[in-house]
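Keep the structure open beside you as we go.

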Amino acid sequence: MLFSHPTGRRVRGLRAGAVAAVAAIALSSCGTDTTEEETAAPSGEGSGAFPVTIEHAFGSTEITEKPERVVTVGWSDEGTLLALGIVPVGIAESTFGAREDGLLEWDAEKLEELGGEKPTLISNDDGIPVEQVASLAPDLILGVQSGLEENQYEQLSQIAPTIPYLDKPWQTAWQDQTVAVGRSVGMEEEAQQLVDDTNAYIDGIAEQHPQFAEKTFAFGTVTQDGQLAFYIDGEPRAEVMKQLGFTPAGITEQLDVAEGQFFGTTSMENADKVDADVMVMWYNSADAREAAEANPVFQQIPAVQDGGYVAFDDDAVAMAMSAVSPLSLPWAVDQFLPDLVKAAEGKA
């Protein structure tokens with residue numbers, strides 16, 4: 001998940017009225033007694049007018065009419081659509097953090113709430129299956145949070161108007177992603193409201209925990225070859241931590257970052273140089289976590305020694321923090337906030 005590149009229960013702990021407004025927007029755009037044919041189309045008329053043009057990394061894409069069949073090949077685009085009350089006809093399959101039916105938990109709950117048919121799952125493990133995408137007859141293809149290459153973009157554009165990442169691969173801010181997705185389906189105002197409400201929720205948490213503003217952070221994992229890897233500025237996980245009030249640690253500016261990547265690495269031998277007050281790490285499995293934590297060098301990391309280490313091997317939480325959307329973000333933060341508070345207090 002780190003290198004190729006978001007849940008169960010209905011969001012709980014969404015204490016501010018902001019999140020209630022998020023739900024209200026989605027509910028207001030859907031009806032009851034939805035037929036199979038109707039679930040493929042946006043449920044509300046929206047606020048936008050067509051045509052619209054969206055600027056992105058490969059130029060611009062014009063959408064002349066309101067899309068009726070949307071396919072998503074990027075991360076979390078489907079979450080934004082569902083939050084807007086739109087059920088896509090096809091979505092990128094998640095092999096990490098998903099339920100047995102292949103759906104991410106927060107997507108599945110919203111889909112059930114909307115009464116829509118399960119979208120076709122599209123496996124991107126061996127590249128974008130262009131023929132499968134074409135077979136769904138989309139009139140819009142979204143890959144806003146992705147690493148789409150230009151030739152893939154051009155292939156998909158021959159099928160339907162396609163929106164790739166806006167600036168850098170895998171580094172489109174979830175706020176920009178949400179607005180771009182909303183605008184592409186004629187619901188820009190509704191999308192902006194989703195952003196405002198979700199921001200209000202996260203900002204509210206930051207205000208409730210002013211100690212976060214006094215701490216630096218590093219968010220990452222341990223690679224298969226034993227290196228420490230941390231996400232860089234602009235990557236969604238790092239940006240969420242910043243929005244919560246934390247400041248990037250100095251180590252994140254000293255990493256070896258390959259061109260086009262959203263993370264950097266450093267040798268485990270440099271563990272004692274990880275200067276973060278709070279270090280958040282995710283792992284593919286409990287075994288991987290145990291192996292890292294048993295490493296004497298890893299144990300020298302100041303945050304580990306000083307009670308500032310947060311670790312999780314729940315792949316659903318990891319995915320929710322990775323594929324950020326107005327659906328996944330509140331769920332993810334609600335899940336690991338208690339541990340984050342303890343870490344900021346040196347009690348993790």
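Is Ala137 buried, partly exposed or exposed? Ala137 counts as partly exposed, at 47% relative accessibility; here buried means under 20% relative accessible area, exposed over 50%, and partly exposed in between, with a 1.4 Å probe and protein chains only. What you are looking at is a predicted model, in which local features need pLDDT of at least 70 and side-chain atom pairs count only at pLDDT 80 or more, while totals for chains, interfaces and linings use all residues. Residues are numbered from 1 along each chain as its sequence is written, and side-chain values use heavy atoms, with hydrogens and water left out.

Let's stay with Ala137 for a moment. You will find Ala137 in the loop between helix H5 (130-135) and strand E6 (140-142); helices (H or I, at least four residues) and strands (E, at least two) are DSSP runs, numbered from the N terminus. Most residues other than glycine have a negative phi, and most peptide bonds are trans. Ser76 is another non-glycine residue with a positive phi, of about 65°. Ser76 sits in the loop between strand E3 (70-72) and helix H3 (77-83), and is buried, with a relative accessible area of 2%. For a cis peptide bond, go to the step from Phe50 to Pro51, where omega is near 5°. Pro51 belongs to the loop between helix H2 (36-39) and strand E1 (52-56).

Eight of its eleven residues are buried, so H7 is largely enclosed by the rest of the structure. Those buried residues are Trp174, Gln177, Thr178, Val179, Ala180, Val181, Gly182 and Ser184. After H7 comes Gly186, with a positive phi near 80°.

Next, how do H8 (residues 188-208) and H13 (residues 328-344) pack? Their axes are 10 Å apart, at an angle of about 15°; axes are lines fitted to C-alpha atoms, for helices over the stretch in contact, and angles run from 0 to 180 degrees between N-to-C directions. H8 and H13 are therefore roughly parallel to each other, as angles under 35 degrees count as roughly parallel, over 145 as roughly antiparallel, 65 to 115 as roughly perpendicular and the rest as oblique. On the H8 side, the contact (heavy atoms within 4.5 Å) is made by Thr198, Tyr201, Ile202 and Ile205, and on the H13 side by Leu329, Pro330, Val333, Asp334 and Leu337.

H13 also packs with H12, at an angle of about 130° and with the axes 8 Å apart. That makes H12 oblique to H13. Here Ala316, Val317, Ala320 and Met321 of H12 meet Ser328, Trp331, Ala332, Gln335 and Phe336 of H13.

Our last stop is Asp314, in the loop between strand E13 (309-312) and helix H12 (315-322). At 36% relative accessibility, Asp314 counts as partly exposed. A polar atom of the Asp314 side chain lies 2.9 Å from the backbone nitrogen of Ala316, and Ala316 is among the H12 residues that meet H13.

Key: Polar contact = N/O pair within 3.5 Å; in protein donor to acceptor, adjacent residues only side chain to side chain.
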